[in-house]
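Student: Can we go through how some labels on this model get assigned? I'd like to set each value against its cut-off.

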Amino acid sequence: MLFFRLSTPDYLQSVCRINRQRAINNVLRPLKTSHRNFAKEVATTESFLSNDEPLSEFLKYARFFATTLPGLEFLTVRELVSFRAMGVEIEAVEEGGVQFRGVDLEGLLKCHLHLGTVSHIYLRAGDPFVATNMSELVRKVSKMKFWGKYISTEQLGNQGGLQSTPKIFDIRVTTTKSKLYHTKGIAERVERGILDALDIDNATYYKVKSECDGAKTDSIRVLVRIVKNIAQISVDTSCTPLHRRGYRFQTGKAPLREDIAYAFLYSQGWSRFGYKALIDPMCGSGTILIEGAAMTAGLPPGRLRPTPLRYSKLWQPNLWDGIVKLAIDEATDTRESHGYTYPYILGSDRDAGVIVAAKENSKRAGVGDMIEYFNCSISSNPWFNSPDDVGADGSVLIATNPPFGRRISKKPNESKNSIYPLLPLYQTLGKYSQRGGGKGRAVQLSLIAHDFRLARTTGVDAPLTLLFASPHGGLNVGAFTTGPLSSKMVTDHSTAAMSKIS
């Protein structure tokens, strides 16, 4: 089941599960795509690799698995559906990812560039196979023709080549209900099978590996998943997690992951529904604002990332640079030709240090001139106090990630279930959010919260709707949003919310 426990009433957990599955089904239904068990499919990968076709042709028939945080799968499906013009075919949706196929090398690079909710994109190394003992596992892995076609052996286990550091394998193993259950032993056997397939001297390789001292920054990540004795091996084409955009070198306490910030805005149609302003009164290092500014400017999420497919025979930096430049130029030309007016984006925080970090991160992301930052509290935020003077008429989205009271608490074991220390903060947020409504403005409040009861204490006059629920920072959090807020001040709403949770 695709849901996670939140510190909320039981009915919310059911809403999470039902809404998420409904969203996935609504996206997949027009495609007439059924969820299939990949272990029962007809074997085609190894038969194709037996031919002398180049690996770039193999990609058209290969399967990929885009991993995402549990709870964001329906958003990943929605993103992949927009790639149907490139031939993307969604095969299955599982907890934590989406399996798809039908892209060539250029299409794969575009997936790395444009997908904002994805953490990794894995390439299936071959068809699933049965493995009930270690010797069988080594034998079948060593016979896979994928390794010789995919991996550039001159870059593996040596000090020369494109990088000055050694290249090793980083084997990650998960096993469920299988005879093979020792993950470390499985990793060693898979590594041995790959070395045999590539005809690499084991002594030389393990000597280089020992000199790495556990560093895996320049390794080839291989994912091994065994379920009921059926093994599926995949190779990470992303090198580093895709949520690491490349602009956030400085952060505050308990920063929000970039992919969650992107999903937070993407699920509300931030760049599509004509919002005129984005306000974050607790912006921290600016992640939500930077992602929002990049989305409105048409800047792809992966524009600052290194070239994917490193250490493989498909590694083409020039092609990647050309695709990135073309995407940015097209976005800029489209907005200039249509006279696009960028929305007003404002962030504030009472911590002067994170405001400095947010400004630097914005510059690195290429959106520094689109965001205005203020070092102030919620009550002193310029837009909350004088929305008519600041501007931004029309639809205004207040999107923020307020403190949970758990991730950076000095006493984490004290009063874990108490929400009262943060009540004034959430009530202030709700009070000032409603000040901007009216006079041609439709204000919408969205926030990420660990506790639904705490989110309700904002006291706004519109009901909260769950957008998605996902694990983050060791906690299970939910993204909530309201409908348009009225301009009246919060008075007895906070008292009503308090009575519901006491």
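Tutor: Axes are lines fitted to C-alpha atoms, for helices over the stretch in contact, and angles run from 0 to 180 degrees between N-to-C directions. Helices (H or I, at least four residues) and strands (E, at least two) are DSSP runs, numbered from the N terminus. This is a predicted model, where local features need pLDDT of at least 70 and side-chain atom pairs count only at pLDDT 80 or more, while totals for chains, interfaces and linings use all residues. Residues are numbered from 1 along each chain as its sequence is written, and side-chain values use heavy atoms, with hydrogens and water left out.

Student: Why are α4 and α10 called roughly perpendicular?

Tutor: α4 (residues 73-81) packs with α10 (residues 258-266) at about 75 degrees, the axes being 11 Å apart. Angles of 65 to 115 degrees count as roughly perpendicular (under 35 roughly parallel, over 145 roughly antiparallel, the rest oblique), so α4 and α10 get that label.

Student: Which residues of α4 and α10 meet?

Tutor: With contact meaning heavy atoms within 4.5 Å, Leu-75, Arg-78 and Glu-79 of α4 meet Tyr-262, Ala-263 and Tyr-266 of α10.

Student: What makes Asn-229 buried or exposed?

Tutor: Buried means under 20% relative accessible area, exposed over 50%, partly exposed in between (1.4 Å probe, protein chains only). Asn-229 has 17%, so it is buried. Asn-229 sits in the loop between β7 (219-227) and β8 (230-236), and its phi is near 70 degrees, a positive value in a residue other than glycine.

Student: And how do you know whether Leu-309 is buried or exposed?

Tutor: Leu-309 has a relative accessible area of 1%, so it is buried. Leu-309 lies in the loop between α11 (287-297) and α12 (317-337).
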